[in-house]
Amino acid sequence: MTPEAFRKLVLSFPRAREREVLGTREYRVRDRAFATWGWPQDGWITVKVPASEQEAFIRRYAACQSIPGRPGVMRLYLADVEENDIRPVVDAAWKLAVALD
(Lines give C-alpha, C1' and ligand atoms only; values in the text may rest on other atoms or scores of the structure.)
Protein backbone atom coordinates (compact mmCIF):
# COMPACT_ATOMS: atom_id res chain seq x y z
CA MET A 1 0.00 0.00 0.00
CA THR A 2 1.27 3.45 -0.81
CA PRO A 3 1.17 6.40 1.59
CA GLU A 4 -1.36 8.12 -0.68
CA ALA A 5 -3.63 5.05 -0.72
CA PHE A 6 -3.41 4.88 3.08
CA ARG A 7 -4.23 8.60 3.33
CA LYS A 8 -7.24 8.14 1.07
CA LEU A 9 -8.43 5.17 3.13
CA VAL A 10 -8.22 6.87 6.53
CA LEU A 11 -9.78 10.09 5.27
CA SER A 12 -12.74 8.08 3.95
CA PHE A 13 -13.93 7.51 7.53
CA PRO A 14 -16.60 9.93 8.76
CA ARG A 15 -15.23 13.13 10.31
CA ALA A 16 -11.60 12.00 9.82
CA ARG A 17 -9.11 14.84 9.61
CA GLU A 18 -5.40 14.98 8.89
CA ARG A 19 -2.77 17.10 10.57
CA GLU A 20 0.99 17.24 10.60
CA VAL A 21 2.67 16.59 13.94
CA LEU A 22 6.47 16.62 14.22
CA GLY A 23 7.01 15.34 10.70
CA THR A 24 4.30 12.68 10.87
CA ARG A 25 0.76 12.63 9.54
CA GLU A 26 -1.80 12.12 12.26
CA TYR A 27 -5.36 11.14 11.45
CA ARG A 28 -8.02 12.14 13.94
CA VAL A 29 -11.71 11.90 14.52
CA ARG A 30 -13.00 14.67 16.72
CA ASP A 31 -10.06 15.24 19.06
CA ARG A 32 -8.60 11.70 19.12
CA ALA A 33 -5.89 10.23 16.93
CA PHE A 34 -6.71 6.85 15.43
CA ALA A 35 -3.80 6.43 13.01
CA THR A 36 -0.39 7.97 12.41
CA TRP A 37 1.78 7.68 9.32
CA GLY A 38 5.53 8.12 9.74
CA TRP A 39 5.92 6.88 13.31
CA PRO A 40 8.16 5.35 14.57
CA GLN A 41 9.83 6.16 11.24
CA ASP A 42 9.02 6.81 7.61
CA GLY A 43 7.10 3.96 5.98
CA TRP A 44 5.36 2.82 9.17
CA ILE A 45 1.86 3.44 10.43
CA THR A 46 0.70 3.21 14.01
CA VAL A 47 -2.87 2.56 15.15
CA LYS A 48 -4.57 2.11 18.49
CA VAL A 49 -7.22 -0.60 18.60
CA PRO A 50 -9.10 -2.03 21.57
CA ALA A 51 -6.56 -4.05 23.57
CA SER A 52 -9.00 -6.96 23.54
CA GLU A 53 -8.79 -7.11 19.72
CA GLN A 54 -5.04 -6.59 19.33
CA GLU A 55 -3.96 -10.24 19.49
CA ALA A 56 -6.56 -11.28 16.91
CA PHE A 57 -5.25 -8.68 14.47
CA ILE A 58 -1.65 -9.78 15.06
CA ARG A 59 -2.57 -13.42 14.45
CA ARG A 60 -4.60 -12.63 11.34
CA TYR A 61 -2.31 -10.08 9.68
CA ALA A 62 1.41 -10.80 9.59
CA ALA A 63 2.17 -7.09 9.05
CA CYS A 64 0.79 -6.13 12.49
CA GLN A 65 3.27 -5.82 15.33
CA SER A 66 2.52 -4.93 18.94
CA ILE A 67 4.45 -2.19 20.69
CA PRO A 68 5.64 -3.48 24.07
CA GLY A 69 4.14 -1.67 27.04
CA ARG A 70 1.41 0.01 24.96
CA PRO A 71 -1.76 -2.14 25.06
CA GLY A 72 -3.76 -1.87 21.86
CA VAL A 73 -1.07 0.06 19.99
CA MET A 74 0.24 -1.63 16.86
CA ARG A 75 2.51 -0.68 14.03
CA LEU A 76 2.48 -1.89 10.46
CA TYR A 77 5.01 -1.41 7.69
CA LEU A 78 2.91 0.15 4.97
CA ALA A 79 4.67 -1.56 2.05
CA ASP A 80 3.75 -4.95 3.57
CA VAL A 81 -0.02 -4.43 3.73
CA GLU A 82 -2.91 -4.52 1.31
CA GLU A 83 -6.00 -2.38 1.69
CA ASN A 84 -8.17 -5.43 2.42
CA ASP A 85 -5.87 -6.29 5.34
CA ILE A 86 -5.58 -2.84 6.84
CA ARG A 87 -9.18 -1.67 6.47
CA PRO A 88 -10.46 -3.77 9.45
CA VAL A 89 -7.55 -2.54 11.60
CA VAL A 90 -8.19 1.12 10.75
CA ASP A 91 -11.93 0.58 11.23
CA ALA A 92 -11.33 -0.75 14.76
CA ALA A 93 -9.02 2.17 15.54
CA TRP A 94 -11.55 4.70 14.23
CA LYS A 95 -14.38 3.11 16.23
CA LEU A 96 -12.28 3.20 19.40
CA ALA A 97 -11.47 6.88 18.90
CA VAL A 98 -15.13 7.70 18.36
CA ALA A 99 -16.19 5.69 21.43
CA LEU A 100 -13.63 7.41 23.66
CA ASP A 101 -14.69 10.90 22.69
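**Entry 1: a hairpin.** I began at the turn between S2 and S3, which form a hairpin with 2 residues between them. In that turn I found Arg30, whose phi is positive at about 55 degrees. A reminder to myself: this is a predicted model.

**Entry 2: the strands on either side.** I looked up how S2 and S3 run, and they are antiparallel. S2 covers residues 24–29 and S3 covers residues 32–37, with 5 bridges joining them.

**Entry 3: on to S4.** Next I followed S3 to its pairing with strand S4, residues 44–48. These two also run antiparallel, and 3 bridges join them. Here Ala35 stands opposite Val47 in S4. S3 and S4 form a hairpin too, with 6 residues between them. Gly38 sits in this turn and has a positive phi of about 95 degrees.

**Entry 4: a visit to Arg17.** I then turned to Arg17, which lies in strand S1, residues 16–21. Is Arg17 buried or exposed? I count Arg17 as exposed, because its relative accessibility is 57% and the cut-off for exposed is over 50%.

**Entry 5: who touches Arg17?** Setting aside neighbours within four places in sequence, I found Arg17 in contact with Leu11, Glu26, Tyr27 and Arg28.

Notes
Residues numbered from 1 in each chain as written. Predicted model: local features only at pLDDT ≥ 70, side-chain atom pairs only at ≥ 80, totals over all residues. Heavy atoms only, no water. Helix = DSSP H or I, 4+ residues; strand = E, 2+ residues; numbered from the N terminus. Buried < 20%, exposed > 50% of the residue type's maximum accessible area, 1.4 Å probe, protein only. Contact = heavy atoms within 4.5 Å. Pairing = 2+ DSSP bridges.
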